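Hello,

Here is the structure I promised to hand over. Please look through it first; my notes follow below.

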Amino acid sequence: MQLSFSQDITTPISSKESSFGVGEWFKFKMSYSGFLKAGNATLTVKDSKVNNKDVYHVVGKGWTTGMIKWFFKVKDRYESYFDKQTIIPYRFIRNIDEGGHTKNLEINFDQKANKAYVNDKKHKTKSVYNTKPNIQDMVSTFYYLRNNLDTSNLKIGDEVMIDMFFDGENYGFKLKYLGEETIKTDFGKVKSLKFRPYVMAGRVFKEEESLTLWVSKDKNKVPLRIKADLAVGSLRADLEAFKGLKHPFKIVVDN
């Protein structure tokens with residue numbers, strides 16, 4: 001089963017119950033190959049404006065710590081500015097340094113004309129690309145799905161398709177539902193929904209099915225855990241701290 005939400009894109013979020021809001025903040029701890037502390041990451045939702053439009057400004061940061069950074073230093077920053085009603089992005093920033101592999105891109109989307117204006121600040125080049133209608137970036141996709149994916153009707157094996165623009169190309173992002181699972185977290189046992197986001201195999205990921213994601217089975221859809229099989233070793237990110245949730249966060253209490 002393939003689902004596409006492009007037909008719902010103009011439905012105001014205000015008519016639904018949003019899963020997140022300004023002030024939401026997540027912190028993750030990362031480990032390499034199951035035992036070695038690898039780093040931290042944060043996701044923050046802020047208020048901002050783009051061309052006089054009220055938008056959410058999400059900032060994602062990731063960095064290595066401990067022994068890992070001595071032989072593979074990572075310092076990543078991702079930013080997305082997307083419409084508060086439709087969760088459609090207007091601007092995306094990707095500024096990364098991953099073991100010397102660097103990118104510094106700013107992408108501005110013209111959603112009416114279906115264009116992406118890419119400013120490659122590292123190479124000092126500017127390019128224009130045609131995009132699919134209601135295109136997403138790699139950060140806004142997560143928030144769009146949190147607000148628009150009806151998890152109550154999902155069956156194991158169902159797939160969701162989203163049009164995403166990544167660097168300089170249109171990419172068909174696919175998410176597969178794997179079922180429910182109660183997992184142990186730093187906060188106790190939490191009921192979760194398990195997904196398989198398909199990724200591009202190559203320099204970082206071993207294969208397309210290298211990533212697994214667990215989100216809380218509540219109105220927040222909090223990202224609890226991510227596991228990735230890399231070209232070398234594996235990486236795991238676990239939610240370590242949070243604040244500013246819009247809805248109650250439910251812990252399973254054992255009888």
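A residue counts as buried under 20% relative accessible area, as exposed over 50%, and as partly exposed in between (1.4 Å probe, protein chains only). By that cut-off, 46% of the 255 residues in the protein are buried.

Some ground rules. This is a predicted model: local features need pLDDT of at least 70, side-chain atom pairs count only at pLDDT 80 or more, and totals for chains, interfaces and linings use all residues. Numbering runs from 1 along each chain as its sequence is written, and side-chain values use heavy atoms, with hydrogens and water left out.

Overall fold. The protein has two helices and 15 strands (DSSP runs numbered from the N terminus; helices are H or I, at least four residues, strands are E, at least two). Take contacts (heavy atoms within 4.5 Å) between residues at least 6 apart in sequence: 48% of them join residues at least 24 apart.

Surface. The protein exposes about 13300 Å², and carbon and sulfur atoms supply 51% of that (Shrake-Rupley method, 1.4 Å probe; for residues, only the protein chains shown count as cover).

Helix α1. Phe 71 lies in this helix, which spans residues 68-71. Phe 71 is exposed, at a relative accessible area of 60%.

Loop between β8 and β9. Lys 124 sits here, between β8 (115-120) and β9 (125-130). Its relative accessible area is 78%, so Lys 124 is exposed.

Best regards
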